[in-house]
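This report describes the architecture of one protein chain for a reader who is new to structural analysis. Please look at the sequence and the model before reading on.

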Amino acid sequence: MKFSLDISEAKSYVAEILGPHKTYKLERTFLDPVKTTRKKHHYNLGDGVFEASEAGDRRYFVVRNGRSYPMHECDLFDSLKLGKKYGLTFGEIRAKHGTMKTTATILDAANTIIEEKGLREREQRIQQRVKEQRKEQRKRRRTKAATSQCRDIFNGSDAAVTRLYLGALEKKKPWGPIAAALFRAQKSSTRAEDYRGNSVDQAYDRKADVIKRLCLLLPELETDLGIGWGWGEDALESYAPHVLYIDLPNGQVSFHSTKRFEGPEYPGEWDGKHASKGRILALCDAIMQNRQCPVCGGVPPEGRVYCDSECFKMRCCERANRKT
Ligand SMILES: [Zn+2]
């Protein structure tokens, strides 16, 4: 049985809805009227879901056995969304709807199929599995971050592991925060050296950001930790002529920068060794593994507590002073 529909002629259409559409939201077939009389289009509609537009007013309805039932737009779109999530076609939902009570909505039809096929449980099982896999992965990363040598983290490309590592390092006060900032500065420095061409500017901008943050951190820690630092110039380097020097307990480290940020003039000179990276990584390792020299915070040789006889002597003096 057909449902007969008359709509006014001006700017109007009737379309059957076939399913979702990537660009236009709905895949539609525009129908031809069977007859056009004075200012009226006349349609004969079989079972289906339809959209009718009359003078800019759009409405949705479903036709079953020659009768039409209004349909909420959100009901229609929610059923399409459910269909997409659970892999149901609109035809399937529509067919199910045809077998249900006339009061049932198209969304009820979609939900009924999902119930009957146990799709929700299956989806939950999949999600549960994904959740467990993610948890497992997080655990692996945390273990890796906690047990790796700094060089492996530095050379590795797993950003999540690096974040976890630096987070753990920052918690090891008082040296952790400065070591993490140095790690970041060295990483951006190594990156900037690796880049060529246009991206070199970007890399140096990133490096400048990291160095700026380092310069904000240094004044807080220089007196507590006895870190000497400051800015110098490198006349041979025209692109990044400013140099930030920092005296760590295990030696001097330095970074070239395109900009000069807050900080004093560096009183010393470059030590002539390209040793920044090695020193920073060694300091990070010592902090993470709780084997910093108790006197200077530096990096003692393997199996030793103090850096050298100087630190050991100072420790003895400290003890002696405390006794008197
Ligand atoms: Zn020491």
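The centres of domain 1 and domain 2, taken over C-alpha atoms, are separated by 64 Å. Domain 1 covers residues 3-117 and domain 2 covers residues 148-290; such bounds come from an automatic or database domain assignment. The model is a predicted one, in which local features need pLDDT of at least 70, side-chain atom pairs count only at pLDDT 80 or more, and totals for chains, interfaces and linings use all residues. Residues are numbered from 1 along each chain as its sequence is written.

**The sheet**

Three strands form an open sheet in the order S1-S5-S4, with antiparallel pairing. Strands (E, at least two residues) and helices (H or I, at least four) are DSSP runs, numbered from the N terminus, and two strands pair if DSSP finds at least two bridges between them. The edge strands, S1 (3-8) and S4 (35-37), each pair on one side only. Neighbouring strands of this sheet are turned by 25° against each other on average, direction ignored. S1 and strand S5 (residues 40-45) run antiparallel and are joined by six bridges. Serine 8 stands opposite lysine 40 in S5.

Two helix pairs are set out below. Axes are lines fitted to C-alpha atoms, for helices over the stretch in contact, and angles run from 0 to 180 degrees between N-to-C directions.

| Helix pair | Axes come within | Crossing angle |
|---|---|---|
| H4 (residues 119-147) and H6 (residues 159-171) | 8 Å | roughly 55° |
| H7 (residues 176-194) and H9 (residues 276-288) | 10 Å | roughly 145° |

H7 passes H9 in a left-handed crossing, whereas the crossing of H4 and H6 is right-handed. A crossing is left-handed if the near helix is turned anticlockwise from the far one by less than a right angle, and right-handed if clockwise.

Residues are in contact if their C-beta atoms, placed from the backbone, lie within 7 Å. Between H4 and H6, the contact residues include Arg141 and Ala145 of H4 and Leu164 and Tyr165 of H6. By class, this contact has seven nonpolar, no polar and three charged residues. Ala, Val, Leu, Ile, Met, Phe, Trp, Tyr, Cys and Pro count as nonpolar, Asp, Glu, Lys and Arg as charged, and the others, Gly among them, as polar.

In the crossing of H7 with H9, the contact residues include Leu182 and Phe183 of H7 and Ile280 and Leu283 of H9. The residues of this contact divide into seven nonpolar, four polar and one charged.

Key:
Contact = placed C-beta atoms within 7 Å.
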